[in-house]
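Please look over the sequence and the model shown here before reading on. The paragraphs that follow lead through it step by step.

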Amino acid sequence: QRTSLSYSAGQEALSYMLDEMLVTQGNAQLILTPNVAGADLTTVTINGEELDNVNGSYVWDLPESSSDLYALIDVYHPSYGSAELTLRGIVSYEPPPSWEDEATPFAVEYVLYSGREALSYTIEETLSYRLDETIVSVGDDQLVFAPSVADAEITSVMINDEELAEVNGSYVWYLPAMSTEFVATIRVDHVNYGPAELTLRGIVSYEPPPSWEDEAAPFALEYVQDGQRTSLSYSAGQEALSYMLDEMLVTQGNAQLILTPNVAGADLTAVTINGVDVQKVNGSYVWDLPESSSDLYALIDVYHPSYGSAELTLRGIVSYEPPPSWEDEAAPFAVEYVLYSGREALSYTIEETLSYRLDETIVSVGDDQLVFAPSVADSEITSVTINDEGLEEVNGSYVWNLPTMSTEFVATIRVNHVNYGPAELTLRGIVSYEPPPSWENEAAPFALEYVQDGQRTSLSYSAGQEALSYMLDEMLVTQGNAQ
């Protein structure tokens, strides 16, 4: 938008003054053009800066600062000749309103439970501010950032490299459970001011009230075996309200773990161990220890009139050391490969509880057997089934005649022991049937020739339907005197 400016003659010849102060808000130009018919502006210099001639006019980009204006304007006219004119004036830079004009460009509140308190802050430098007072945090409290300027919005907030989530136009920072300094980077936008990045610095002093974390042993722990009680000790873990048993808990079965409150006025409200809710009995929680080794992970919900509610965790290791059983036997039975009068013991390895696999493939040549027999003192094999075939017992052993084919097998071996009791064992293996070479492997076991008048001709034949039987491939035509 162009506006003509007026000026008047100064006290000196060929000098002029702007009639009014030139007020600019930035992004503006001053344009000088000839105003006398036949005249031309040959050069223009403003405040020492020589301007370019653009289509007969001289354009000066007004600075974004207030200053005096002093222009030297060289002119020429065919009749008047050349001359140097001067123009003086004052340029006042008055930028439009911006974020820098706002004393409180955003609101920040301290929130604890349902109470809210507005916090004040002071500018340190351009678009950078500092909280007027240290924030005293007691835990479970937040800072909430919200717009405070009409037609403005907060587009993001980042505190100590943590980006906050936006909830209904506000940004919530959950104060850390520690004393710290913080720097908040607040990006804002405004219909007129445009976007900007603001900074708020402050200090958080963490001063929590007394809590469960101040209790070294918030609950009592006892191990009960056959009615005898033993107190168990534990220590604080690396995380708050987490604890570890000081020693491995060794049990032989038929035992319990009992948890009771250990703080005056406190109560255990729920206990879960390894994902199972534990029953409350007369104010204590009793867990029947499993007959297996495992990790122990307990969630203990507690309540205290002053401390409030909390969830404690207890970790440990339970080692189950039961009396000896079939699982303790590395080789609970013997298995032998028998060919004619030769016997070879076969080795096997456990795969999982009471389940085993032969270490090597059995190479069967026919007419061979597997023999199963007891290998543990005071034990017996009561039955053996292989691939659903029940084997017969012969003098305490069980014999399987190997099939004339390659196959996998699963043997189910039922055993009994004076102390261990009965059990069902499994043995898996592979039989590779590789019979020795024989006449049946020969496609042409003999040669056949037809001789006629001294001339020899080889005859071909093929295997018949029965083993070791053959048929001539063609009819044998002879004219006599032949062999």
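**Salt bridges, pockets and surface**

The side chains of Glu197 and Arg187 come together in a salt bridge, with N to O at 2.9 Å, a salt bridge being a side-chain nitrogen of Lys or Arg within 4 Å of a carboxyl oxygen of Asp or Glu. Glu197 belongs to strand 22 (residues 196-206) and Arg187 to strand 21 (residues 180-190), so the pair ties together parts that are 10 residues apart in sequence; strands here are DSSP runs (E, at least two residues), numbered from the N terminus. Glu197 counts as partly exposed because its relative accessibility is 43%, and Arg187 is partly exposed as well, with a relative accessible area of 36%. In these terms buried means under 20% relative accessible area, exposed means over 50%, and partly exposed lies in between (1.4 Å probe, protein chains only).

This is a predicted model, in which local features need pLDDT of at least 70 and side-chain atom pairs count only at pLDDT 80 or more, while totals for chains, interfaces and linings use all residues. Residues are numbered from 1 along each chain as its sequence is written, and side-chain values use heavy atoms, with hydrogens and water left out.

How many salt bridges does the rule give? The count comes to nine salt bridges. Among them is the pair of Lys280 and Asp267, whose closest N and O atoms are 3.7 Å apart. This pair links distant parts of the chain, with Lys280 in strand 31 (residues 279-281) and Asp267 in strand 29 (residues 267-273), 13 residues apart. Lys280 is partly exposed at a relative accessible area of 42%, and Asp267 is partly exposed at 31%. Glu222 also forms a salt bridge, with Arg229 as its partner and 2.5 Å between the closest N and O atoms; Glu222 has a relative accessible area of 21% and is therefore partly exposed.

The largest pocket holds about 1200 Å³ of space. It is lined by 37 residues, of which Leu5, Tyr7, Ile31, Leu32 and Thr33 are the closest to its centre. A pocket is defined on a 1 Å grid over the protein atoms alone, as an open set of points where a 1.4 Å probe fits, with protein on both sides within 12 Å along at least five of seven lines, and lining residues have an atom within 4 Å of a point. Grid points are joined across faces, edges and corners, and the volume is the space filled by probe spheres set on the points. Strand 10 gives the most to the lining of the largest pocket, with six residues. By class, this lining divides into 23 nonpolar residues, 13 polar residues and one charged residue, where Ala, Val, Leu, Ile, Met, Phe, Trp, Tyr, Cys and Pro count as nonpolar, Asp, Glu, Lys and Arg as charged, and the others, Gly among them, as polar.

The second largest pocket has a volume of about 410 Å³. Of the 17 residues that line this second pocket, Val138, Tyr206, Pro208, Pro209 and Ser211 are the closest to its centre. Its lining has 10 nonpolar, four polar and three charged residues.

Most residues other than glycine have a negative phi. Leu14, although not a glycine, has a positive phi of about 60°; Leu14 is placed in the loop between strand 1 (7-9) and strand 2, and with 41% relative accessibility it counts as partly exposed. Asn387, also not a glycine, has a positive phi of about 50° and sits in the loop between strand 41 (379-386) and strand 42 (389-390), where its relative accessibility of 38% makes it partly exposed.

Finally, some distances across the model. Thr404 lies in the loop between strand 44 (397-401) and strand 45 (407-417) and is exposed, at a relative accessible area of 59%. Asp226, in the loop between strand 23 (219-225) and strand 24 (228-231), is exposed at 60%. The C-alpha atoms of Thr404 and Asp226 are separated by 58 Å, and the two residues are 178 residues apart along the chain. Asp226 and Gly253, by comparison, are 27 residues apart in sequence and 9.4 Å apart in space, C-alpha to C-alpha.

Notes
Helices (H or I, at least four residues) and strands (E, at least two) are DSSP runs, numbered from the N terminus.
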